Amino acid sequence: MVLIKWRESYSVGVEQFDKEHKVLVDLINDIYIIVRNHIRDTPWSIEDQTVLEKDIADLVEYTQAHFRSEEEAMRKSAFPLLEEHKNIHAELEEEVLVFKERVKEGKEGIVSDLYLFLRDWLINHILEEDMKYK
């Protein structure tokens with residue numbers, strides 16, 4: 001079972017954005033599966049930790065590329081809220097990077113906080129911020 005299932009209501013009506021958002025959903029679901037398995041089968045194995053760190057690094061990298069892609073499309077279309085949107089992206093990137101470091105350091109309770117943050121961030125960002133572009 002996945003954490004986030006793509007729904008048509010998440011579509012912003014821009015094929016490129018929707019495809020990228022679906023990849024983000026998949027990456028977040030991968031992290032969720034690792035976290036879910038950990039909650040059932042504690043303690044963390046070194047393999048789980050390594051896979052989680054790689055998945056988070058992939059998420060960070062893909063998120064940064066996606067944000068740049070969105071911002072470029074918004075710039076080309078003279079989207080009036082571009083600067084505000086870029087600031088939101090920068091804040092989200094910073095939060096994900098902080099989580100990445102906290103996971104790497106093995107901070108207690110961070111993993112479940114991370115996947116809840118990611119789920120809420122993705123859904124809220126798409127439904128609230130990206131829909132303004134639609």
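The radius of gyration is taken here over C-alpha atoms, and the expectation for a globule is 2.2 Å times the number of residues to the power 0.38. For the predicted model described in this section, the chain of 134 residues would have a radius of gyration near 14 Å as a compact globule, and the value of 15 Å computed for the protein agrees with that expectation. Along the principal axes, the C-alpha trace extends over about 50 × 25 × 20 Å.

The secondary structure consists of four helices and zero strands, and the order of elements along the sequence is α-α-α-α. Helix 1 covers residues 15-40, and helix 2 covers residues 46-76. Helix 3 comprises residues 82-105, and helix 4 comprises residues 110-133. Of the contacts with a separation of 6 or more, 74% are made by residues 24 or more positions apart. Buried residues account for 43% of the 134 residues.

Several residues of helix 4 were examined individually. Leu118 is located in helix 4. Its relative accessibility is 0%, and Leu118 therefore counts as buried, the cut-off being under 20%. When residues up to four places away in sequence are not counted, Leu118 touches Ile28, Ile31, Leu59 and Val96. Of these partners, Ile28 and Ile31 have numbers that fall within helix 1 (residues 15-40), whereas the number of Leu59 falls within helix 2 (46-76). Val96 falls within helix 3 (residues 82-105). A separation of 26 Å is found between the C-alpha atoms of Leu118 and Phe79, which are 39 residues apart along the chain.

His125 also belongs to helix 4. With a relative accessible area of 6%, His125 is buried. Neighbours within four places in sequence being left aside, the contacts of His125 include those with Phe67 and Glu70, whose numbers place them in helix 2 (46-76). Further contacts of His125 are with His85, Ile88, His89 and Leu92, which fall within helix 3 (residues 82-105).

A search of the whole structure identified six aromatic pairs. One of these pairs is formed by Phe17 and Tyr133, in a tilted arrangement with a centre-to-centre distance of 5.3 Å and an angle of 40° between the planes. This pair links distant parts of the chain, with Phe17 in helix 1 and Tyr133 in helix 4, 116 residues apart. Phe17 and Tyr133 are both buried. Phe99 and Phe117 form a stacked pair, at 5.0 Å centre to centre and with 25° between the planes. Here the pair links Phe99 in helix 3 with Phe117 in helix 4, 18 residues apart in the chain. Phe99 counts as buried at 11% relative accessibility, and Phe117 counts as buried at 15%. Ring pairs also join Phe67, Phe99, Phe117 and Trp121 into a cluster.

Asn37, in helix 1, has a relative accessibility of 31% and so counts as partly exposed. Asn37 and Asp48 are eleven residues apart in sequence, and their C-alpha atoms are 9.2 Å apart in space. Asp26 is likewise placed in helix 1, and its relative accessibility of 48% classes Asp26 as partly exposed. The C-alpha atoms of Asp26 and Glu129 are separated by 20 Å, the two residues being 103 residues apart along the chain. Ala78 occupies the loop between helix 2 and helix 3. At 61% relative accessibility, Ala78 counts as exposed. The phi angle of Ala78 is near 55°, a positive value in a residue other than glycine.

Definitions and conventions
Residues are numbered from 1 along each chain as its sequence is written. This is a predicted model: local features need pLDDT of at least 70, side-chain atom pairs count only at pLDDT 80 or more; totals for chains, interfaces and linings use all residues. Side-chain values use heavy atoms; hydrogens and water are left out. Helices (H or I, at least four residues) and strands (E, at least two) are DSSP runs, numbered from the N terminus. Buried means under 20% relative accessible area, exposed over 50%, partly exposed in between (1.4 Å probe, protein chains only). Contact means heavy atoms within 4.5 Å. Rings of Phe, Tyr and Trp (its six-membered ring) pair if their centres lie within 6.5 Å; planes under 30 degrees apart count as stacked, over 60 as edge-to-face and the rest as tilted.
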